[in-house]
Amino acid sequence: MNSPFLLIIIPMLASMYIQWRLRSKFTEYSQIALSNGMTGAEVAQKMLNENGIYDVRVLSVDGQLTDHYNPQDKTVNLSPDVYAGRSIMSAAVAAHECGHAVQHKVAYAPLQLRSAIVPFVSVSSRYLQWVLLAGILLIQTTTLPLTIGVGLFAITTLFSFITLPVEFDASKRALAWIDSRGIVTPREHEMAKDGLHWAAMTYVVAALASLGTLLYYASILFGGRSRD
């Protein structure tokens, strides 16, 4: 098999495995009731209030694993199983998303940087596949389209790596808070930590997959240039 092609295949297989493990852990810990009986929404509201955040709304959104914090409209969006759930995973995920709200409040630098390049990533993602396709088709004639495509892909890859400290820090804040406030027992804390670990690993694999794909297209680009 072409070795550059492995830069895409290996991360793809790793991503499939990580996604499977995450869903497995989410299902497992979602079936274990939180000892204090709080719902994810209650955990989220309590964490926000105790961090002096009163302008962020906690909402329920459709889907599974759709939980996220939106800094634009200041909302913590929780999937139904997390919002109304009274499980260890519900508490962990809700606290994690509130960790992002805390980052926003304290002006956590990686989150600010990530937010700053979102518009560039949005534009890049819109045209990236077409620019890369044109670059591949025209590689024998000109390398300009593929050069632009690699540049655009580099922006999305940078975004993926900036996301890593944002996600890990949010989990760190979440675990510290639910532990210090007695939201979880020591045993439940370990389960919450394990669940958030696998959630974070999806971002790690995504970043590595993006880097692998970037290197793949870069190898085509520089190979094309060497033939000019």
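Let me start with a nonpolar surface patch of about 440 Å², made by Trp-130, Leu-133, Leu-137 and Leu-138. A patch takes residues with over 30% relative accessible area and no salt bridge, joining like charges within 9 Å and nonpolar side chains (Val, Leu, Ile, Met, Phe, Trp, Tyr) within 5 Å. A salt bridge here is a side-chain nitrogen of Lys or Arg within 4 Å of a carboxyl oxygen of Asp or Glu.

This is a predicted model, where local features need pLDDT of at least 70, side-chain atom pairs count only at pLDDT 80 or more, and totals for chains, interfaces and linings use all residues. Residues are numbered from 1 along each chain as its sequence is written, and side-chain values use heavy atoms, without hydrogens and water.

Leu-137 sits in helix α5, residues 109–137. Helices are DSSP runs of H or I, at least four residues, and strands are runs of E, at least two. Leu-137 counts as exposed because its relative accessibility is 65%, and exposed means over 50% with a 1.4 Å probe and protein chains only.

Next, the annotation. The unreviewed UniProt entry marks residues 130–162 and 196–218 as "transmembrane region"; such annotations may be inferred rather than shown by experiment. In the model, residues 130–162 are 82% helix and 0% strand, with the end C-alpha atoms 25 Å apart. Residues 196–218 are 100% helix and 0% strand, with the end C-alpha atoms 33 Å apart.

Last, which helix gives the most to the lining of the largest pocket? That is α7, with seven residues.

Definitions and conventions: Areas by Shrake-Rupley, 256 points an atom, 1.4 Å probe, with all protein chains shown as cover. Buried < 20%, exposed > 50% of the residue type's maximum accessible area, 1.4 Å probe, protein only.
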